[in-house]
Amino acid sequence: MTRSPHTLPPDYFTALYASNPDPWDFTTSPYEHAKYDATLAALGRETYPQAVEVGCSIGVLTHRLAERCTALLALDVAETALDAARARCAAQPHVTFRRAAVPAEWPPGRFDLVVLSEVLYFFTPEDLARIAERLVAALNPGGEVVLVHWLGETNFPLSADAAVGTLIDRTRGALEPGQRSRTEGYRLDVLRAPT
């Protein structure tokens with residue numbers, strides 16, 4: 001399988017949602033729901049004052065994350081996905097949504113939690129290096145980064161292991177690897193900023 005040599009552009013995701021409003025079956029997949037349970041269980045705190053989710057898609061994980069955040073900013077590149085996420089989280093006014101393509105449009109501010117679930121393999125190593133810089137600069141002391149990625153084969157720029165490995169290598173010395181787990185389907189890694 002030939003991998004894309006470029007970070008996947010916003011148009012890729014816009015077309016994906018145009019053909020299927022839930023292209024990864026986030027709302028119905030037992031695999032996804034078990035993965036969300038594991039993601040929430042990996043969080044080191046009960047509540048995070050400021051959090052950001054990169055690549056929120058249609059907001060299924062966002063809705064659950066919001067229960068653990070005082071303020072949650074959810075980002076995606078596809079407006080159709082954001083519309084669905086806004087509707088799903090309409091009863092959670094502390095969640096805000098923004099159309100943004102990281103790393104170029106990284107949000108301002110500092111965060112106690114950054115969630116990157118099923119997104120890192122869409123980027124080239126060069127863009128992952130930029131994301132790593134943004135993460136290190138954006139985390140409050142003791143802040144956490146949660147990385148969750150499917151291990152299957154794709155034609156994305158990187159595999160899950162290569163993408164997560166690149167980010168961990170690029171943040172070495174600035175973020176400390178914490179919990180790591182691996183199932184048949186996905187890997188989950190938590191990085192922490194020193195206090």
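The questions and answers below concern the sheet, its helices and one threonine in a predicted model.

Q: In what order do the seven strands of the open sheet lie?
A: The pairing in this open sheet is mixed. Its edge strands are strand 3 (95-99) and strand 6 (176-182), each of which pairs on one side only. Neighbouring strands are turned by 15° against each other on average, direction ignored. Read across the sheet, the order is 3-2-1-4-5-7-6.

Q: How many bridges join strand 1 to strand 4?
A: Strand 1 covers residues 48-54 and runs parallel to strand 4. Within this pairing, Val 52 stands opposite Val 114 of strand 4. The number of bridges joining the two strands is four.

Q: Which residue is the bridge partner of Ala 51 in strand 2?
A: Strand 2 (residues 69-76) pairs with strand 1 in the parallel sense, over six bridges. In strand 2, the partner of Ala 51 is Leu 72.

Q: What is the handedness of the β-α-β crossover from strand 4 to strand 5?
A: Strand 4 and strand 5 (residues 139-150) are parallel and share six bridges. Leu 116 stands opposite Leu 147 in strand 5. Between the two strands the chain passes through helix 5 (residues 125-138), and this crossover is right-handed.

Q: How many residues of strand 4 are buried?
A: Strand 4 spans residues 111-117 and is mostly covered. Of its seven residues, the number buried is seven.

Q: What angle does helix 6 make with strand 7?
A: Helix 2 (residues 30-42) packs on the sheet, touching strand 5, strand 6 and strand 7 (186-192), and its direction makes about 20° with that of strand 7. Helix 6 (residues 160-171) lies across strand 5, strand 6 and strand 7. For helix 6, the angle to strand 7 is about 10°.

Q: Why does Thr 62 count as buried?
A: Thr 62 lies in helix 3 (residues 60-65). Leaving aside neighbours within four places in sequence, its contacts include Leu 72, Ala 74, Val 95 and Phe 97. The cut-off for buried is under 20% relative accessible area. Thr 62 counts as buried because its relative accessibility is 0%.

Q: Which side chain makes a polar contact with the side chain of Thr 62?
A: Among the residues that Thr 62 touches, leaving aside its neighbours within four places in sequence, are Glu 53, Cys 56 and Cys 89. The polar contact is at 2.5 Å, and the partner is the side chain of Glu 53.

Technical notes. Residues are numbered from 1 along each chain as its sequence is written. This is a predicted model: local features need pLDDT of at least 70, side-chain atom pairs count only at pLDDT 80 or more; totals for chains, interfaces and linings use all residues. Side-chain values use heavy atoms; hydrogens and water are left out. Buried means under 20% relative accessible area, exposed over 50%, partly exposed in between (1.4 Å probe, protein chains only). Two strands pair if DSSP finds at least two bridges between them. A crossover is right-handed if, with the strands pointing away from the viewer, the path from the first strand over the helix to the second runs clockwise. Axes are lines fitted to C-alpha atoms, for helices over the stretch in contact, and angles run from 0 to 180 degrees between N-to-C directions. Contact means heavy atoms within 4.5 Å. A polar contact is a pair of N or O atoms within 3.5 Å; within protein, one must be able to donate a hydrogen and the other to accept it, and residues adjacent in sequence count only if both atoms are side-chain atoms.
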